[in-house]
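Please prepare a briefing on the model shown below, covering its overall fold, the confidence of the prediction, the packing of its helices and a few individual residues.

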Amino acid sequence: RSSRRRPPRHALAELQRATMAKVYYADVPPPARPLTGPQSFGIELQPPKWIVKNMYRFNNPEHSAHCISALRILVDGMPREDIDAVVEACGVEAIISAMQRHTDDTGVQVMGSGTLSII
């Protein structure tokens with residue numbers, strides 16, 4: 001047994017009550033941030049560099065189309081900072097590379113050209 005003595009239970013309960021933060025909630029909950037749009041947090045959940053990395057990693061037209069679509073969601077209607085983050089992550093080069101690799105896949109071509117036109 002240790003030589004230290006525990007404080008009585010009532011002292012612990014009072015200490016817990018004194019140190020607990022009081023949180024007050026408004027009557028109306030704050031609106032949740034949307035996943036897409038100008039005030040979204042999508043770019044925080046999935047940074048563009050991860051999408052670009054996966055575009056080079058998978059050489060399948062379906063995966064490329066999904067990655068291009070994810071980049072399109074990140075840039076469609078977003079502030080300029082988010083679009084710049086996609087450009088800095090070499091998103092434009094990755095889209096062009098995917099379009100060159102999958103010339104016969106219409107999904108990649110349509111999604112890629114649409115995303116490039118937004119950027």
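Read along the sequence, the protein follows the pattern α-α-α-α-α-α-α, with 7 helices and 0 strands in total; helices (H or I, at least four residues) and strands (E, at least two) are DSSP runs, numbered from the N terminus. This is a predicted model, in which local features need pLDDT of at least 70 and side-chain atom pairs count only at pLDDT 80 or more, whereas totals for chains, interfaces and linings use all residues. Residues are numbered from 1 along each chain as its sequence is written, and side-chain values use heavy atoms, with hydrogens and water left out.

- The average pLDDT of the protein (the predictor's confidence in each residue, from 0 to 100) is 79, and 64% of the residues score at least 70.
- Confidence is lowest in helix α1 (residues 9-19), where the mean is 64, and highest in helix α6 (residues 91-101), where it is 93.
- Of the 119 residues of the protein, 27% count as buried, where buried means under 20% relative accessible area, exposed means over 50%, and partly exposed lies in between (1.4 Å probe, protein chains only).
- Among the contacts in the protein with a separation of 6 or more, 63% are between residues 24 or more positions apart, contact meaning heavy atoms within 4.5 Å.

**Packing of α4 with α7**

- Two packed helices are described by the angle between their axes and the distance between the axes; here the axes are lines fitted to C-alpha atoms, for helices over the stretch in contact, and angles run from 0 to 180 degrees between N-to-C directions.
- Helix α4 (residues 61-75) and helix α7 (residues 106-118) pack at an angle of about 20°, with their axes 9 Å apart.
- The two helices α4 and α7 are therefore roughly parallel to each other, given that angles under 35 degrees count as roughly parallel, over 145 as roughly antiparallel, 65 to 115 as roughly perpendicular and the rest as oblique.
- The crossing of α4 and α7 is left-handed, a term used if the near helix is turned anticlockwise from the far one by less than a right angle, with right-handed used if clockwise.
- On the α4 side the contact includes Pro 61, Ile 68 and Val 75, and on the α7 side it includes Val 108, Met 111 and Ile 118.
- By class, this contact of α4 with α7 has 8 nonpolar, 5 polar and 1 charged residues, where Ala, Val, Leu, Ile, Met, Phe, Trp, Tyr, Cys and Pro count as nonpolar, Asp, Glu, Lys and Arg as charged, and the others, Gly among them, as polar.

**Helix α6 and its partners**

- The buried residues of α6 are Gly 91, Ala 94, Ile 95, Ser 97, Ala 98 and Met 99, and these pack against α3 (48-57), α4, α5 (80-88) and α7.
- The axes of α6 and α7 come within 9 Å and cross at roughly 155°, and α6 and α7 are therefore roughly antiparallel to each other.
- The α6 and α7 crossing is left-handed, and the contact involves residues including Val 92, Ile 95 and Met 99 of α6 and Val 108, Thr 115 and Leu 116 of α7.
- The contact of α6 with α7 has 7 nonpolar, 4 polar and no charged residues.
- The axes of α4 and α6 come within 11 Å and cross at roughly 150°, and α4 and α6 are therefore roughly antiparallel to each other.
- In this left-handed crossing of α4 and α6, Ser 64, Ile 68 and Leu 71 in α4 meet Gly 91, Ile 95, Ala 98 and Arg 101 in α6.

**Individual residues**

- Thr 115, in helix α7, is buried, with a relative accessible area of 0%, and, not counting residues up to four places away in sequence, Thr 115 touches Ile 68, Leu 71, Arg 72, Val 75 and Ile 95.
- Leu 74 lies in helix α4 and counts as buried at 6% relative accessibility, while the C-alpha atoms of Leu 74 and Val 86, 12 residues apart along the chain, are separated by 7.9 Å.
- Asn 59, found in the loop between α3 and α4, is exposed, with a relative accessible area of 56%, and, leaving aside its neighbours within four places in sequence, Asn 59 is in contact with Arg 101 and His 102.
- Cys 90, in the loop between α5 and α6, has a positive phi of about 65° although it is not a glycine, and counts as partly exposed at 39% relative accessibility.
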